[in-house]
Amino acid sequence: MTDIDFKDVHRNSPICFNDNCPSADKCLRYIAGRQSPATLRYHLCVVPQALHGNQCELFRSAEPVRVAYGFSHSYDYVLKHDFTPMRKKLTVYLGNKRGYYKYLKGEKPLLPEQREYIEALFRRYGYEGKVVYDRMEDIYTLESMPY
């Protein structure tokens, strides 16, 4: 069974206690529920109605996700006339200026789909293979966007 640190489970991330789920041993939500502290009194939970036959609609694989942190050095290769339009597109995609800078500086992890978007944008501007990340890490995440 995967070990997770329950302090990393966001209060808005549902956890599960459904022992009857056939995918429980492979589901991060169930593992988080099993590893919840004895002091836990309430939390957002998956209800049994989420299970349809053998498939839970809120299943989250207990496999780690490869994330990247920081990509500011990617701009080292970008020409001045491309910088502003690229930054604007990424700012919109990553939510807003504040979010953009948190990702840029490596304060928030970039999920694989976010990295794909960034790399595709760099390719569209002619910078194939020029996206450079500060570091890569494997994390467990209960949501499509880690907190």
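Mentor: A nonpolar core is a set of buried residues of kinds such as Leu, Phe and Tyr, joined through side-chain atoms within 4.5 Å. With that term in hand, we may read this structure, which is a predicted model.

Trainee: Which residues have the most contacts inside the largest nonpolar core?

Mentor: The largest nonpolar core has 17 residues, and those with the most contacts inside it are Phe71, Tyr75, Leu90, Tyr100, Leu110, Ile118 and Phe122. Two or more residues each come from helix H2 (80-93), helix H3 (97-104) and helix H4 (112-124). Apart from this core lies another, of 8 residues, including Ala24, Tyr30, Val46 and Ala50.

Trainee: With which residues is leucine 90 in contact, leaving aside its neighbours within four places in sequence?

Mentor: Leucine 90 is in contact with Phe71, Tyr75, Tyr100, Tyr117, Ile118, Leu121 and Phe122.

Trainee: How are two packed helices described?

Mentor: Two packed helices are described by the angle between their axes and the distance between the axes. In this model, the axes of H2 and H3 come within 8 Å and cross at roughly 105 degrees. Angles of 65 to 115 degrees count as roughly perpendicular, and H2 and H3 are therefore roughly perpendicular to each other.

Trainee: Which residues meet where H2 and H3 are in contact?

Mentor: From H2, Arg87, Leu90 and Thr91 meet Lys97, Tyr100 and Tyr101 of H3. By kind, the residues of this contact divide into 3 nonpolar, 1 polar and 2 charged.

Trainee: What pattern does the protein chain follow along the sequence?

Mentor: The pattern is α-β-β-β-α-α-α-β, made up of 4 helices and 4 strands.

Trainee: What radius of gyration does the protein chain have, beside that of a compact globule of 147 residues?

Mentor: The protein chain has 19 Å, whereas a compact globule of 147 residues would have a value near 15 Å. The C-alpha trace spans about 55 × 30 × 25 Å along its principal axes. Buried residues make up 41% of the 147 residues. Of the contacts with a separation of 6 or more, 74% are between residues 24 or more positions apart.

Trainee: Does threonine 2 count as buried or exposed, and why?

Mentor: Threonine 2 counts as buried because its relative accessibility is 17%, and buried means under 20%. Threonine 2 is found in the segment before helix H1 (28-34). Not counting residues up to four places away in sequence, threonine 2 touches Ile31, Gln35, Ala62 and Tyr140. Asparagine 18 is 16 residues from threonine 2 in sequence and 17 Å from it in space, C-alpha to C-alpha.

Technical notes
Residues numbered from 1 in each chain as written. Predicted model: local features only at pLDDT ≥ 70, side-chain atom pairs only at ≥ 80, totals over all residues. Heavy atoms only, no water. Buried < 20%, exposed > 50% of the residue type's maximum accessible area, 1.4 Å probe, protein only. Contact = heavy atoms within 4.5 Å. Axes fitted to C-alpha atoms, helices over the stretch in contact; angles between N-to-C directions. Parallel < 35°, antiparallel > 145°, perpendicular 65-115°, else oblique. Nonpolar A, V, L, I, M, F, W, Y, C, P; charged D, E, K, R; others polar. Rg over C-alpha atoms; globule rule 2.2 N^0.38 Å.
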